[in-house]
Amino acid sequence: MRQRRLENNKRKKDSASEEFAKDLTYGYVKIGDEDDEEYGKNRKKKRVSKAKELEMAIELEGLKKDPEKGDVVAKKHSWQAAIRRAVGIKVRDDPKRLKQRIQKEKKRREKSAEKWKERVEVQQKVRVEKQQKRSENITARIQQNKMRKIAKREKKLLRPGY
């Protein structure tokens, strides 16, 4: 009798733990019911361009400096940013760092453009050199054929009686 009761209790515990385990999710922390819900479902959200991010960050800084609504905006944004960081989303709201990022990317583009230009120039130079060498070889071959024909004719003329 005692054993039956233990088995029944065990079954009840197992079913309760199974129900509880169904609600658990790993790898995603949900904090609050704001617009962070879409990050759990659709992680692939179109990223905003760096220039737009900078524009938004500057606008936010301006709103924070506003004497009337500055405190409210600053508090709200800081909470949203903290929640997003806790969830694992990168928050890009520092105008100084955004400017640095844009400048760095600009320099990288210029460098790669310069390298590409240099590569094209080297390729053209090599092509011109190859063409020049080819034309020199062709003229040298023609000259050799002419010299061979002349030598053959002179050899023929050196024989007596012809």
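Mentor: A residue counts as buried under 20% relative accessible area, as exposed over 50%, and as partly exposed in between, using a 1.4 Å probe and protein chains only. The model here is predicted, so local features need pLDDT of at least 70 and side-chain atom pairs count only at pLDDT 80 or more, while totals for chains, interfaces and linings use all residues. Residues are numbered from 1 along each chain as its sequence is written, and side-chain values use heavy atoms, with hydrogens and water left out.

Trainee: How many helices and strands does the chain have?

Mentor: Helices (H or I, at least four residues) and strands (E, at least two) are DSSP runs, numbered from the N terminus. This chain has five helices and zero strands. Read from the N terminus, the order of elements is α-α-α-α-α.

Trainee: What percentage of the 162 residues counts as buried?

Mentor: The buried share of the 162 residues is 10%. A second figure for the whole chain concerns contacts, meaning heavy atoms within 4.5 Å. Among contacts between residues at least 6 apart in sequence, 57% join residues at least 24 apart.

Trainee: What span should helix 3 have at 1.5 Å a residue?

Mentor: The expected span of a helix is 1.5 Å times one less than its number of residues. Helix 3 covers residues 50-65, and its 16 residues should span 22 Å; the end C-alpha atoms are 23 Å apart, which agrees. Helix 5, with 64 residues, reaches 94 Å from its first C-alpha to its last, close to the expected 94 Å.

Trainee: Which residues of helix 3 are buried?

Mentor: Glu53, Leu54, Ala57 and Leu60 are buried in helix 3. Viewed down the helix axis, these buried residues fall within an arc of 125 degrees, so they line one face of helix 3. The arc is that of the directions from the helix axis to the C-beta atoms. Exposed residues Ala51, Glu55 and Glu59 sit on the face turned away from the buried side of helix 3. The cover over the buried residues of helix 3 includes helix 4 (70-87) and helix 5 (95-158).

Trainee: At what angle do the axes of helix 3 and helix 5 cross?

Mentor: Two packed helices are described by the angle between their axes and the distance between the axes. Axes are lines fitted to C-alpha atoms, for helices over the stretch in contact, and angles run from 0 to 180 degrees between N-to-C directions. Angles under 35 degrees count as roughly parallel, over 145 as roughly antiparallel, 65 to 115 as roughly perpendicular and the rest as oblique. The axes of helix 3 and helix 5 cross at roughly 160 degrees and come within 9 Å. The two helices are therefore roughly antiparallel. Residues of helix 3 including Leu54, Ala57 and Ile58 meet residues of helix 5 including Leu98, Ile102 and Glu105. Pro95, Leu98 and Glu105 are the buried residues of helix 5, and helix 3 is part of what covers them.

Trainee: At what angle do helix 3 and helix 4 pack?

Mentor: The angle is about 130 degrees, and the axes of helix 3 and helix 4 are 6 Å apart. That makes helix 3 oblique to helix 4. Leu60, Leu63 and Lys64 of helix 3 make the contact with Gly70, Val73, Ala74 and His77 of helix 4. In helix 4, Gly70, His77, Ala81, Ile83 and Val87 are buried. Just after helix 4, glycine 88 has a positive phi of about 115 degrees.

Trainee: Which residues does glutamate 53 touch, not counting those up to four places away in sequence?

Mentor: Glutamate 53 touches Val48, Arg92, Leu98 and Arg101 on that count. With a relative accessible area of 9%, glutamate 53 is buried.

Trainee: Is histidine 77 buried or exposed?

Mentor: Histidine 77 counts as buried, at 16% relative accessibility. Leaving out residues up to four places away in sequence, histidine 77 touches Leu60, Lys64 and Asp93. Histidine 77 and aspartate 93 are 16 residues apart along the chain, and their C-alpha atoms are separated by 9.7 Å.
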